[in-house]
Amino acid sequence: MSFPKGFLDELKGRIRVSEVVGRKVKLTRRGREFVGLSPFSNEKSPSFTVNDDKQFYHCFSSGEHGDVIKFLEKTENLSFIEAVERLAAEAGMEMPERDPFAAERDKEAATLIDVMEMAAQFFRQKLQEGAGAEARAYLERRGMKGVTLDQFGIGYAPGDDRAERTALLKYLKSKDITLEQMTEAGLVIAGPDIAEPYDRFRNRVMFPIADARGRVIAFGGRALSADAKAKYLNSPETPLFHKGRVLYNLNRARKPAHDEGTVIAVEGYMDVVGLAQGGIMNAVAPLGTALTEDQIQLLWRMSPEPVLCFDGDKAGLRAAYRAVERVLPLLKPGHSLRFALLPEGKDPDDLVREEGGDAMRDILAKARPLSDMLWEKETSTGQWDTPERRAKLEADLEAAVAAIGDPKVRGHYAQALRERVAKFFGGARQLQGRSGGYGQGGYRNERFGNRPFRGKGFGRGETYMPPVSPELRRSALASGGAGDNGREGLLLLTLLNHPELLENYAEDISRIEIRTPALDRLRNEIIDIAALHAPLEREALKGHLLSRNLAEIARRLEAGTAFRSDRFAWPDAAPDEAEAGFLHTLARHQRAIGLEAELKAAERALAEDMTEENFARLRAIHAQLERTETADGLG
């Protein structure tokens with residue numbers, strides 16, 4: 001965000017750096033400066049100075065240097081905008097408008113914020129009433145104390161019977177909230193063909209989801225009924241809420257994360273709440289999906305090496321390996337992830353409740369570095385007792401290293417993995433040095449010969465790109481097929497024609513990342529319909545979609561030609577064929593999301609620095625795309 005000329009100068013002129021810093025650091029005046037112990041490192045002799053005349057602070061022990069805005073960013077885990085807003089409020093200055101329409105959008109957002117706060121109050125109230133008895137019993141069984149429920153604002157959405165399915169709608173209507181506002185906030189399901197609008201959340205324990213400023217922007221609901229098709233249901237995308245850009249409990253965890261020096265990312269709301277009850281306050285959770293790039297950046301704002309905590313079973317390991325794939329393109333010097341794996345069959349909430357907070361702290365203290373998880377991911381899936389198998393392992397490791405965006409980090413990973421491979425193979429062969437493998441120098445491949453590649457100007461200034469096969473050009477991976485003509489559409493088309501899959505896989509489909517807004521809405525509504533009307537047949541599902549004004553999206557999927565060869569997605573496919581195809585596509589989609597992130601990072605790196613190394617990296621990812629295409633039968 002850019003500010004009018006002079007705004008930041010006036011703001012810093014009104015705020016003394018020593019006054020803001022003095023809230024965190026005990027300062028002593030020495031001449032024209034103040035000195036104190038560094039808030040950025042553990043030291044016994046003061047090396048931290050503040051100068052109000054020059055409007056800066058400097059830490060000689062850590063090298064940290066900046067103005068009052070940067071100090072708040074560093075010590076409070078605030079964004080630049082949030083730090084400016086806080087200082088402007090202290091200085092009595094109005095924040096400038098960002099563009100001619102900013103004030104109107106802010107006013108609209110503030111109105112929806114008011115609606116969400118009313119809903120949060122309603123859910124908290126219902127938890128304490130007679131209708132909330134089952135929810136209270138569930139929370140008691142999970143060991144939740146009253147003070148914890150109050151701290152996190154946990155509530156209850158009334159049940160599914162006809163009288164209760166509009167309880168929130170009636171409450172908000174009594175507060176003069178319009179149906180349009182309720183729908184826009186994602187609280188009520190309504191449409192021109194729905195005779196009687198009704199509440200989105202029913203018979204669920206409700207967890208308010210707040211933004212970084214602590215304002216409720218969405219909800220997550222945990223089903224109480226064992227028959228519910230989705231155990232957890234989040235608010236849909238709204239003007240306030242974009243789930244890939246939010247972390248649950250972010251607002252409460254920022255200061256404890258700074259104090260502890262790290263932040264913990266767990267899998268669900270109850271894990272966060274359970275850890276807090278055990279005294280571990282620096283935990284957050286993604287909202288039902290694998291970590292997104294935006295969420296990783298949020299974690300890095302709180303700590304350079306966040307700890308991701310996963311269950312120790314096969315599903316937890318798969319989730320950890322997906323996180324490895326997602327973060328590789330984003331790595332930069334000093335920023336990584338660590339991984340804590342729990343005993344099989346335990347989640348953080350269970351562990352804290354049964355064994356106490358210290359048991360969880362022991363697990364976190366043993367968190368493993370990203371490089372270890374990458375090595376385990378690549379080596380744990382096969383036997384490496386033949387030359388061909390060893391060559392495959394090396395090729396897979398080369399592709400993984402090639403996905404790393406930062407050249408310095410990539411170089412260190414290349415060196416570390418070369419040493420590990422040599423030790424793993426017992427020193428039986430000399431690994432290639434700078435002229436081959438692991439993202440260093442040229443990239444050897446029989447398709448393109450053994451020549452090294454140049455970056456800028458292969459003699460005449462042109463950029464040489466690797467040849468791409470026709471099959472790859474048609475691949476959904478290479479063409480960014482995450483939209484109506486890609487895997488998202490194929491998954492939803494399969495569900496439209498085989499809604500019986502929702503019996504077992506509603507939870508899986510609710511968790512995947514769907515980037516096309518229309519298809520994301522269709523996915524959310526299908527899950528909601530399944531929860532209300534199970535068991536669900538094909539024609540019945542279409543009728544419900546028609547009543548919700550979504551039949552056109554479904555019709556376009558069925559009328560398209562992109563999926564004609566995918567027979568499992570169509571009505572005449574046998575149930576076992578449809579299930580196998582659906583699961584295969586689901587796995588391909590999750591892999592594609594990771595590869596797309598790697599490809600974008602490689603393209604950015606090559607555009608910024610046309611070197612042999614960056615070109616080799618891009619080509620390695622293209623090769624990986626072709627291998628994926630061949631394995632999955634794309635084209």
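The model is predicted. Two packed helices are described by the angle between their axes and the distance between the axes.

**Helices H13 and H16**

- Helix H13 spans residues 314-327 and helix H16 spans residues 370-379; their axes come within 10 Å and cross at roughly 115°.
- H13 and H16 are therefore roughly perpendicular to each other, and H13 passes H16 in a left-handed crossing.
- On the H13 side, the contact is made by Leu317, Ala320, Tyr321, Val324, Glu325 and Val327; on the H16 side, the partners are Leu370, Met373, Leu374, Glu376 and Lys377.
- Sorted by class, this contact of H13 with H16 holds 8 nonpolar and 3 charged residues, and no polar ones.

**Helices H20 and H24**

- Helix H20 (residues 487-497) packs against helix H24 (residues 551-559) at an angle of about 105°, and their axes are 10 Å apart.
- That angle makes H20 roughly perpendicular to H24.
- H20 contributes Gly489, Leu492, Leu493, Leu496 and Asn497, which meet Ala554, Leu557 and Glu558 of H24.
- The classes in the contact of H20 with H24 are 5 nonpolar, 2 polar and 1 charged.

**Asparagines with positive phi**

- Asn77 is not a glycine, yet its phi is positive, at about 55°.
- Asn77 sits in the loop between helix H3 (68-76) and helix H4 (80-91), and Asn77 is buried, with a relative accessible area of 3%.
- Asn249, also a residue other than glycine, has a positive phi near 75°.
- The loop between strand S11 (232-234) and helix H10 (250-260) holds Asn249, which is buried at a relative accessible area of 3%.

Key: Residues numbered from 1 in each chain as written. Predicted model: local features only at pLDDT ≥ 70, side-chain atom pairs only at ≥ 80, totals over all residues. Heavy atoms only, no water. Axes fitted to C-alpha atoms, helices over the stretch in contact; angles between N-to-C directions. Helix = DSSP H or I, 4+ residues; strand = E, 2+ residues; numbered from the N terminus. Parallel < 35°, antiparallel > 145°, perpendicular 65-115°, else oblique. Left-handed = near helix turned anticlockwise from the far one by under 90°. Contact = heavy atoms within 4.5 Å. Nonpolar A, V, L, I, M, F, W, Y, C, P; charged D, E, K, R; others polar. Buried < 20%, exposed > 50% of the residue type's maximum accessible area, 1.4 Å probe, protein only.
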